[in-house]
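Have a go at each task before reading its solution.

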Amino acid sequence: MDTQKLMIVGGKRIEGEIRVHGAKNSALPLLSAAALIADGECILHNCPRLTDVDAACRILNHIGVKCKRDGSSVITAADNITCHEVPVKLMREMRSSIVFLGAVLGRTGQCRLSFPGGCELGPRPIDLHIAALREMGAEIREEHGYLECSAPDGLKGADISLTFPSVGATENIILAAVLAKGTTLIHNAAREPEIADLTEFLTKCGAKIKGAGSDVITVEGVEKLHGCEHSVIPDRIAAATYLCCAACAGGELVLSGVNAEHLGVVIPLMQTMGCRIYTFGRDSIYINVRGRLKAPLTIRTMPYPGFPTDAQALIMAACTCADGITVFVENIFENRYRHVSELLRMGCSIKVEGKVAIVQGVKRLSGTELVATDLRGGAALVAAALGAEGVSVISEIHHIDRGYENIEQALRSVGADIKRK
């Protein structure tokens, strides 16, 4: 049972520098690929210390992969795969654990796993994963909450058209296709930076992949892959989180170790809200926030390069005290406004109808007892609490720990009054 809480005394401007850790949404498929598909040792640098990453390592160890951490790096060796099943307990620890399906099936020819766990953000479209793998020759049965998968004649290249540019489905197809016989074409593929990071890693291992970053990806199967060294890209959503913390609390903040190009639509939006944001050097972003923010009119979440659903709750926190009204339209997940009930407890003015949320800025927020409902919603509560009057106590912070490396330590280093208790 999670008993830890974050206690935040709001109203303190922040100032200083935060180095952004590696991307959770890149590290997990990279670990899956590194540990299961490539022969020999793989070293992943800039691999964040997150509970989701720890869960991925436990899954790998269960399957028979040697997986150890050395500082910010994770070292894997898949010389002795002894198992093709991921137990229910481990699957429930990770929302994105379904990414192991393509990797295990591609490496061993069979896979047995339960449906994934993690944040409850509505139905997960794993039907896209299953349909695509079936097109590649996989036989998949759903029995008693488990997926029983096999490829008795091996996986074969296929021409696959996704009905939605799902990141997870795109990753699973790529992971299955790199060792499949023949060529696989993925139409309407996801274009997120994490996809490009995965393909760059696999290419270093000897895979033949073209088109990452576009909506058509081509994978030519090879007989085997070898190990390599690779650095995980910066976490663009963690960067967006700290930018929103500065927007809520006010102050000056430098983010280092980031890629501003990955925050394409977030930075211009925050600039229209009155945040002064500049990029400098190869990997740094500066934000200066003074005075009240201006509410943007409409924000619609869309697949990359559109506005990311993972940043929706974070920007909403910044809008709660902005001058004006913002209309949010959530087009990715059905249940991504769970944080709204907690923001209302702080004095926010928000109305939700289906996939639309209307936020009217208020003069001030008040600290109170809060519950983190999911990963990004929990981070949004942290941002809101930094700008609120009084003390906020956030419970169920295991959700936050899934995607942020010592969030309280990072914020305390720039002057926030926040501690874990």
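**Exercise 1. In which helix is Phe-100, and is Phe-100 buried or exposed?**

Step 1. Phe-100 sits in helix H4, residues 100-108; helices (H or I, at least four residues) and strands (E, at least two) are DSSP runs, numbered from the N terminus. Residues are numbered from 1 along each chain as its sequence is written. This is a predicted model, in which local features need pLDDT of at least 70, side-chain atom pairs count only at pLDDT 80 or more, and totals for chains, interfaces and linings use all residues; side-chain values use heavy atoms, with hydrogens and water left out.

Step 2. Phe-100 counts as buried because its relative accessibility is 0%. Buried means under 20% relative accessible area, exposed over 50%, and partly exposed in between (1.4 Å probe, protein chains only).

Step 3. Beyond its neighbours within four places in sequence, Phe-100 is in contact (heavy atoms within 4.5 Å) with Ser-32, Leu-36, Ala-56, Ile-59, Leu-60 and Met-94.

Step 4. For a distance check, take Lys-156: from Phe-100 it is 56 residues away in sequence and 18 Å away in space, C-alpha to C-alpha.

**Exercise 2. Work out how strand E6 is placed and which strands pair with E6.**

Step 1. Now find the partners, where two strands pair if DSSP finds at least two bridges between them. Strand E4 (residues 41-45) is antiparallel to E6 over 4 bridges, with Leu-44 bridged to Val-74.

Step 2. Strand E5 (residues 66-70) is also antiparallel to E6, over 5 bridges, and here Lys-66 has Ala-77 as its bridge partner.

Step 3. E5 and E6 make a hairpin with 2 residues between them, and Gly-71 in the turn has a positive phi of about 65 degrees.

**Exercise 3. Describe the hairpin of E22 and E23.**

Step 1. E22 (residues 349-353) and E23 (residues 356-360) run antiparallel, joined by 5 bridges. Val-352 is opposite Ala-357.

Step 2. There are 2 residues between the strands, and Gly-354 in the turn has a positive phi of about 60 degrees.

**Exercise 4. How many residues has the largest nonpolar core, and which have the most contacts inside it?**

Step 1. A nonpolar core is a set of buried Ala, Val, Leu, Ile, Met, Phe, Trp, Tyr and Cys residues joined through side-chain atoms within 4.5 Å.

Step 2. The largest has 78 residues, and Met-136, Ile-174, Phe-201 and Leu-202 have the most contacts inside it.

Step 3. Another core, apart from that one, has 77 residues, including Ile-14, Leu-253, Ile-299 and Leu-381.

Step 4. For background, in soluble globular proteins nonpolar side chains tend to be buried together.

**Exercise 5. Which residues lie nearest the centre of the second largest pocket?**

Step 1. On a 1 Å grid over the protein atoms alone, a pocket is an open set of points with protein on both sides within 12 Å along at least five of seven lines; lining residues have an atom within 4 Å of a point.

Step 2. The lining has 24 residues, with Ala-247, Cys-248, Ala-249, Cys-321 and Gly-387 nearest the centre.

Step 3. Helices H8 (236-249), H10 (312-319) and H12 (375-387) are the elements giving two or more residues to this lining. H12 has the largest share, 4 residues.

Terms used:
On a 1 Å grid over the protein atoms alone, a cavity is a set of points where a 1.4 Å probe fits but cannot get out, and a pocket is an open set with protein on both sides within 12 Å along at least five of seven lines; lining residues have an atom within 4 Å of a point.
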